[in-house]
4 protein chains.
Amino acid sequence: MSATRYTYLGPEGTFTEAALRTLPEAATRELVPLASVPAALDAVRAGEAAGAFVPVENSVEGAVTATSDELASGAPLMIYREVLLPITFALLVRPGTSLADVKTVTSHPVAQPQVRRWMAANLPDAQWEAAASNADGARLVQEGRFDGAFAGEFAAALYGLEPLVSDIHDAANATTRFLLVGRPGRVSSPTGLDKTSMVVWLPDDHPGALLELLQEFAVRGINLMRIESRPTGEGMGNYCFLIDCEGHLSERRVSEALMGLKRICPQVRFLGSYPRADRGSQRPVRPGTTDADFSEAADWLSRCLDGRGEL
Amino acid sequence: MSATRYTYLGPEGTFTEAALRTLPEAATRELVPLASVPAALDAVRAGEAAGAFVPVENSVEGAVTATSDELASGAPLMIYREVLLPITFALLVRPGTSLADVKTVTSHPVAQPQVRRWMAANLPDAQWEAAASNADGARLVQEGRFDGAFAGEFAAALYGLEPLVSDIHDAANATTRFLLVGRPGRVSSPTGLDKTSMVVWLPDDHPGALLELLQEFAVRGINLMRIESRPTGEGMGNYCFLIDCEGHLSERRVSEALMGLKRICPQVRFLGSYPRADRGSQRPVRPGTTDADFSEAADWLSRCLDGRGEL
Amino acid sequence: MSATRYTYLGPEGTFTEAALRTLPEAATRELVPLASVPAALDAVRAGEAAGAFVPVENSVEGAVTATSDELASGAPLMIYREVLLPITFALLVRPGTSLADVKTVTSHPVAQPQVRRWMAANLPDAQWEAAASNADGARLVQEGRFDGAFAGEFAAALYGLEPLVSDIHDAANATTRFLLVGRPGRVSSPTGLDKTSMVVWLPDDHPGALLELLQEFAVRGINLMRIESRPTGEGMGNYCFLIDCEGHLSERRVSEALMGLKRICPQVRFLGSYPRADRGSQRPVRPGTTDADFSEAADWLSRCLDGRGEL
Amino acid sequence: MSATRYTYLGPEGTFTEAALRTLPEAATRELVPLASVPAALDAVRAGEAAGAFVPVENSVEGAVTATSDELASGAPLMIYREVLLPITFALLVRPGTSLADVKTVTSHPVAQPQVRRWMAANLPDAQWEAAASNADGARLVQEGRFDGAFAGEFAAALYGLEPLVSDIHDAANATTRFLLVGRPGRVSSPTGLDKTSMVVWLPDDHPGALLELLQEFAVRGINLMRIESRPTGEGMGNYCFLIDCEGHLSERRVSEALMGLKRICPQVRFLGSYPRADRGSQRPVRPGTTDADFSEAADWLSRCLDGRGEL
């Protein structure tokens with residue numbers, strides 16, 4: 001039944017599935033791997049799933065543009081949760097294989113730069129070839145087509161392999177960020193440590209518009225967490241921006257900034273306010289921009305209109 | 001009775017009185033000249049007058065700092081009207097005096113630079129001395145202490161003098177701006193061409209605060225019409241700013257900007273929204289900052305909170 | 001010999017080769033297709049080629065992140081030329097094939113969304129599969145593995161195919177932008193219509209830095225043409241920005257802005273100033289920001305230091 | 001001889017003279033009191049004096065507009081030194097007078113608000129009248145026309161009076177700032193703790209110009225110390241701004257900002273760079289804006305033009 005189904009970017013055994021399983025509600029959902037980000041999201045749009053779980057950016061590889069583009073176009077979707085998953089690889093082999101036996105390895109192309117230095121040091125003569133996904137690489141090892149696959153350690157059991165080496169990662173702190181996306185609905189209550197996402201289209205032929213847009217945030221003390229440009233498809237030089245900022249739409253500084261964007265931009269798509277996954281790193285709200293400050297200012301304004309501004 | 005009394009900066013026969021008489025309601029008020037701006041305003045504060053009419057700036061001489069300082073401190077007052085009066089002087093003399101007879105002239109010191117070039121050309125040998133006001137100068141001519149007084153032509157009759165030369169002014173377009181000030185009350189309705197005045201104190205030890213303050217206006221497309229710095233009396237380097245901007249407090253762009261100031265500044269004193277006297281020169285409101293734009297954005301925000309932002 | 005060799009993103013018969021051949025100097029160079037953007041650029045770094053020609057962004061698909069990342073890291077490179085190529089596809093088939101015969105088609109995955117609507121209308125039942133490149137798709141048609149390939153029309157002859165349908169493109173104005181990249185060298189002279197590219201790393205833990213960075217351009221009237229964020233590899237939330245702006249490094253407004261970036265950012269990589277390919281669309285330089293304005297201001301400053309600022 | 005003569009705003013015995021005498025060089029100059037700020041400055045313009053010493057602002061009363069207007073118009077002048085003098089008043093009386101004997105007092109009108117509260121507490125029944133200067137008030141006491149004069153304690157001896165009460169001041173920290181002004185000349189060397197003064201005219205009909213002007217400072221990390229608006233005399237609503245900022249014209253951040261102003265404003269008058277009188281209160285220069293940072297950035301730029309930006 002769709003209300004209990006979550007789609008995700010498959011196949012089984014990838015980091016996406018591992019990240020999805022960190023969500024408590026995943027335990028009670030039917031988890032359905034699909035072949036692409038658009039497929040996973042379209043199932044939600046079609047009402048065949050309550051949510052779709054997809055990667056959105058990797059700290060080494062950058063944005064997953066398929067996700068960005070799906071969020072920015074087509075029937076609207078909304079983000080309800082984010083998950084950060086540290087990415088480290090295991091070298092998965094058939095039981096009994098030793099490092100000296102490994103002549104050929106495979107992985108998803110995105111994994112390759114993240115294990116390149118480890119390979120140069122430990123498997124200098126091994127040949128690498130691309131697989132459709134890290135899990136698919138594991139399957140190919142199971143089938144005997146390669147000696148080893150770089151994949152998440154959690155994929156070993158699924159394919160009858162074992163991790164020969166664990167915790168392989170060239171870049172310290174490689175992390176992938178995933179989103180749980182659903183059909184648009186009522187924004188859930190703020191937790192005090194939230195993030196708000198949106199897509200903003202700049203007005204045509206207004207070269208200073210990006211600066212103006214950033215000032216809508218700056219003047220209200222809102223920190224940006226991410227800004228990604230994507231082509232609008234309207235010809236070279238036309239971009240929209242996916243923006244994540246600190247705070248929740250129900251906070252006044254955030255809602256006022258978004259209304260400001262709405263007034264200066266031809267199109268703004270609100271993508272959701274949801275709890276931040278990095279719960280330890282919040283900056284304090286700038287003095288003068290708390291909800292209490294906004295309320296006080298609104299009260300003062302009402303008094304001013306009545307001639308009692310200084311009472 | 002105080003409700004029908006307006007005080008003004010006297011004495012009778014000055015430009016202030018002439019400007020006051022351009023207000024239709026002046027015809028039905030008791031007009032009481034007082035000796036100083038503080039005296040005129042204190043009468044309003046004390047409930048002895050319904051309004052006080054005082055000069056606030058001259059396009060040649062600049063701000064009337066007594067007015068600025070009174071508006072910025074003491075019991076709050078509010079501005080209800082402004083009047084712009086072109087300033088040209090007449091040389092007033094006792095009947096029968098010819099230009100060749102004029103050896104000594106007088107005027108308020110503020111008038112002197114505005115007639116200096118005319119004097120150099122037409123009365124190069126005449127001696128000028130200061131009077132307490134232009135009208136007082138006329139009185140001194142009446143008493144025979146000077147041969148001529150530079151004053152408004154309207155002052156002639158009051159002192160039994162006649163204008164020997166009219167329309168004297170070194171600077172083209174010399175204008176004085178006057179304010180009708182009362183006790184704080186409900187802000188009157190917008191006329192579509194209004195001005196809003198306020199006093200803003202900057203936060204201590206925050207060198208970028210003036211820029212931030214101006215950005216609260218700029219980000220909402222509000223043009224400033226005047227900015228005047230005044231010392232706060234808290235030691236050298238501490239200023240407050242008297243600001244006039246376009247628009248009315250009941251317009252959303254203006255009210256949001258003022259609430260922004262209120263949030264970042266330790267003190268903001270709203271001085272009123274009132275019709276502009278220069279009714280021909282309005283700039284169009286920047287696209288995206290009309291009240292309709294604000295309403296539309298607020299509606300959109302409500303829909304976003306309900307998950308219907310794109311409907 | 002390396003001085004006459006240009007590498008490019010192969011294989012032969014792709015849009016990249018077609019774009020490269022629009023450069024006059026390509027006629028006198030040895031053009032060497034390589035399998036990846038890093039391979040093409042590394043040949044330049046190693047001194048094995050004088051230039052590398054690679055795609056950098058597509059108006060539908062966005063940035064070619066391999067190119068962005070190569071420009072931002074590794075041994076420095078410099079951009080010397082850009083080329084804009086309108087992208088339209090032909091359906092290439094073996095001679096004698098009719099539209100009704102086409103049951104299977106292939107192309108590079110990037111091409112697929114750009115022909116999706118055409119396929120739905122004209123080949124609703126055909127199966128699409130991915131090829132390693134559009135040219136490789138043509139080769140697979142030549143080998144009989146598919147009935148048709150979406151590729152540039154120019155690829156037909158190379159593989160003994162013919163264009164059954166031409167000028168296929170879902171998005172009007174789909175364009176790809178290519179760069180000719182070489183080892184760093186003296187910047188060539190301005191043409192009056194140039195573009196400057198750079199990579200800028202933001203200071204850590206300074207949330208307002210992006211705004212400050214944009215203000216370095218805005219305050220000098222420089223329009224941005226493109227801004228792309230890329231992860232630095234230093235963990236989630238750390239980005240660098242690839243920026244293209246109007247103007248040439250030898251213009252004062254541009255050099256002063258870049259020096260400004262250099263002073264506020266921990267790292268700035270200058271990527272070159274080169275002629276704009278879209279030669280018809282320049283905005284006029286903002287008054288006060290021409291080289292003549294800068295010279296005049298510098299002369300004035302020298303005079304000020306000598307006490308002759310007003311002479 | 002003019003080279004050794006300093007004029008100042010007289011008469012003798014005022015705070016201006018007291019402030020002037022704090023300058024070491026005053027001991028070797030002929031000090032000539034003149035009746036007005038314009039007279040003192042015109043003597044310098046005419047070559048009759050090497051310098052003129054005049055008040056420019058008071059922390060209670062604000063700008064001395066005569067000084068502002070003289071600096072902004074007429075033949076150019078330059079500021080070479082500033083002096084800050086704490087202002088406290090003494091009640092000067094003829095020898096033998098007791099507080100109970102004081103029925104009438106006098107002072108310059110500017111002094112009156114600064115002693116008002118003291119009078120209310122200590123001389124509630126005394127009558128105050130205006131004098132042309134505080135020193136002139138002392139003279140009037142000497143002549144027997146008043147019982148007491150509020151003036152600087154240093155004026156007592158000059159007029160044969162004695163201070164009955166000292167250290168009278170309603171506002172704590174009341175201070176007056178004075179300037180030593182001369183004909184324009186070579187700017188003296190920076191001391192490491194300097195201030196730069198200028199007059200800036202805004203472009204007509206460009207409502208955002210004040211913000212742009214402030215951004216020229218902000219983008220280079222320069223703190224403003226004072227901004228004063230003055231009418232240009234070109235009609236209501238046209239202002240120029242007298243600005244004091246931190247730093248010396250020979251510092252790159254300052255010179256670049258002034259060149260920026262010069263490029264966007266129709267007129268900029270440089271008024272001098274000179275040592276700050278408040279030597280204890282400097283803010284650190286913002287990182288990235290020291291002369292060393294500017295030099296480094298310029299070196300980098302030269303290397304970039306040569307293709308060696310990263311060496």
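Which distance separates the closest C-alpha atoms of chain A and chain D? They lie 13 Å apart, and no contact joins the two chains; two residues are in contact if their C-beta atoms, placed from the backbone, lie within 7 Å. This is a predicted model: local features need pLDDT of at least 70, side-chain atom pairs count only at pLDDT 80 or more, and totals for chains, interfaces and linings use all residues. Residues are numbered from 1 along each chain as its sequence is written, while chains are lettered from A and ligands numbered from 1 in the order in which they are written.

**How the chains relate**

- Chain B and chain C do not touch, and their nearest C-alpha atoms are 13 Å apart.

**Where chain D meets chain B**

- Here 29 residues of chain D are in contact with 29 residues of chain B.
- Strand 11 (175–182), helix 6 (209–218) and strand 13 (224–231) of chain D each supply at least two residues of the side that touches chain B. Helices (H or I, at least four residues) and strands (E, at least two) are DSSP runs, numbered from the N terminus.
- Strand 13 of chain D gives the most to this side, with seven residues.
- The side of chain D that touches chain B divides into 13 nonpolar, 12 polar and four charged residues. Ala, Val, Leu, Ile, Met, Phe, Trp, Tyr, Cys and Pro count as nonpolar, Asp, Glu, Lys and Arg as charged, and the others, Gly among them, as polar.

**A sheet in chain D**

- Four strands of chain D form an open sheet in the order 13-14-12-15, with antiparallel pairing. Two strands pair if DSSP finds at least two bridges between them.
- Strand 13 and strand 15 (267–275) of chain D stand at the edges with a single partner strand each, so one side of each is left without a neighbour in the sheet.
- Strand 12 (residues 194–201) and strand 14 (residues 239–246) of chain D run antiparallel and are joined by seven bridges.
- Val200(D) has Phe241(D), in strand 14 of chain D, as its bridge partner.

**Domains of chain A**

- Chain A is divided into domain 1 (1–87 + 174–185), domain 2 (89–168) and domain 3 (190–311). These bounds come from an automatic or database domain assignment.
- The C-alpha centres of domain 1 and domain 3 of chain A lie 25 Å apart.
- In chain A, 14 residues of domain 1 are in contact with 12 residues of domain 3.
- On the side of domain 1 that touches domain 3, the largest share, seven residues, comes from strand 5 of chain A.
- That side of domain 1 of chain A has nine nonpolar, two polar and three charged residues.
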